[in-house]
Amino acid sequence: MWHTPVPVFVVVTTRAKGQEACCCSNLRIVSSADCFAQPREGRMEALDSLSVKELKAKCKASGVSQTGEKATLVWRLKLQARGAMLEDGRTPFELKSGELKKVAAKMGVNPMGTNDELLEGIVEKLEAATKTASSSKTSTAVDVAKRALALFEDADYEGILSLGSDQRVSKDTDTATLQKCYRRLSLALHPDKLRTFDRATQAFQAVVTALERLTEPELHVDQDDDDKRTKKKKRISRSNENCVRTRVRCPRCEVPWGENASLEGLPEWSYNVMMTGLRGWTCSTCLCEFGCASAIHECRKCGTRFDYSPDQYHSQVDCDKCKTTFGFWQFPMSDRALNEAIAEAKKTVEVNAKRRAAKKRRASAKRDDDDDDQDDDGEAKFL
């Protein structure tokens with residue numbers, strides 16, 4: 001994990017790449033590049049509230065026909081958002097009329113219809129083929145989800161994230177690698193993907209928790225208790241020039257977090273606490289517990305998603321798509337509120353460590369009992 005330049009009495013350890021080979025890296029479902037490109041029906045529903053002019057602008061940017069009434073424009077954008085892809089990597093919407101008819105005829109779609117009818121037919125054929133091809137992958141994902149739940153019972157967070165890697169990861173693995181493993185697993189094990197598995201939600205939460213536990217900061221206070229009364233704690237002071245409050249979304253339901261702070265009962269400086277990794281929150285919509293490492297982060301200007309680590313909070317970053325350079329807003333926060341947040345974070349880390357140790361003891365005791373039972377069975381058969 002990178003160094004987090006938060007107040008001087010907060011220390012975050014540095015991570016190095018792990019070298020130990022992973023014994024359970026059996027997940028080969030999606031590439032990490034796909035993790036940020038999945039559309040959501042909830043976000044598509046917002047199209048209905050746009051004007052015709054705005055819809056046409058979206059159609060133009062997406063390479064979709066701009067002709068027709070509002071309902072037709074919305075329908076086309078939603079059809080495109082379903083993400084159907086041809087074998088050559090193009091979408092059906094990139095085809096010209098003549099090529100569209102040839103592709104439709106080849107796929108068993110009546111080529112005599114309108115372009116919209118051809119597009120709908122091709123998308124449905126592609127989705128049916130994808131569903132058939134992915135049935136085996138779904139069963140693999142269910143197996144991985146079950147394995148993640150078993151590892152979570154043993155508090156083996158390293159083992160959980162290792163399911164998405166060729167190598168065994170650990171708490172010393174760099175944050176970028178841990179997040180890459182997390183992205184692959186969270187996409188493959190998302191409850192929307194594993195509708196047939198009744199414990200998909202718990203498996204997804206296990207993956208989120210594993211990342212948060214392995215990236216949580218190790219906190220300590222620089223001053224002893226006796227010095228606290230005589231020494232004034234130092235704080236990082238910086239301007240908010242070129243800084244914005246970036247959009248943070250729940251990793252499961254993708255609902256924005258903390259944007260209506262007053263309605264949610266959160267002080268504005270909750271953004272500081274979240275982005276420095278001092279604590280996480282529970283989504284009020286889907287009840288997923290997450291922090292800044294597992295959350296979805298978006299560029300405020302173009303909406304492009306990016307990986308985030310607490311060390312970036314006092315830095316400027318560049319958006320890969322719109323090339324905008326921006327920093328992260330720092331809301332005013334009193335010394336008392338900051339000290340309470342740090343004390344709470346330290347207490348949470350200690351509680352989590354105790355819980356993990358207890359889980360590991362129970363898991364070890366269970367394995368010993370199982371070994372004893374096997375020994376007894378073997379002795380009985382010998383006699």
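This is a predicted model: local features need pLDDT of at least 70, side-chain atom pairs count only at pLDDT 80 or more; totals for chains, interfaces and linings use all residues.

Reader: How do the axes of helix α8 and helix α9 cross?

Author: Two packed helices are described by the angle between their axes and the distance between the axes. Here, the axes of α8 (residues 175–188) and α9 (residues 200–215) come within 10 Å and cross at roughly 175°. The two helices are therefore roughly antiparallel (an angle over 145 degrees between N-to-C directions, on a scale from 0 to 180). Helices are DSSP runs of H or I with at least four residues, numbered from the N terminus.

Reader: Which residues in α8 and α9 meet?

Author: Contact means heavy atoms within 4.5 Å. On the α8 side these are Thr175, Leu178, Gln179, Tyr182, Leu185 and Ser186, which meet Phe204, Val207, Val208, Leu211, Leu214 and Thr215 in α9. The residues of this contact divide into 8 nonpolar, 4 polar and no charged.

Reader: Which residues of helix α4 are buried?

Author: Buried means under 20% relative accessible area, and exposed over 50%, with a 1.4 Å probe and protein chains only. In α4 (residues 97–106), the buried residues are Leu100, Val103 and Ala104. They cover an arc of only 100° around the axis, which puts them on the same side of α4. The face turned away from that buried side carries the exposed residues Lys102 and Lys106.

Note on methods: Residues are numbered from 1 along each chain as its sequence is written. Side-chain values use heavy atoms; hydrogens and water are left out. Angles under 35 degrees count as roughly parallel, over 145 as roughly antiparallel, 65 to 115 as roughly perpendicular and the rest as oblique. Ala, Val, Leu, Ile, Met, Phe, Trp, Tyr, Cys and Pro count as nonpolar, Asp, Glu, Lys and Arg as charged, and the others, Gly among them, as polar. The arc is that of the directions from the helix axis to the C-beta atoms.
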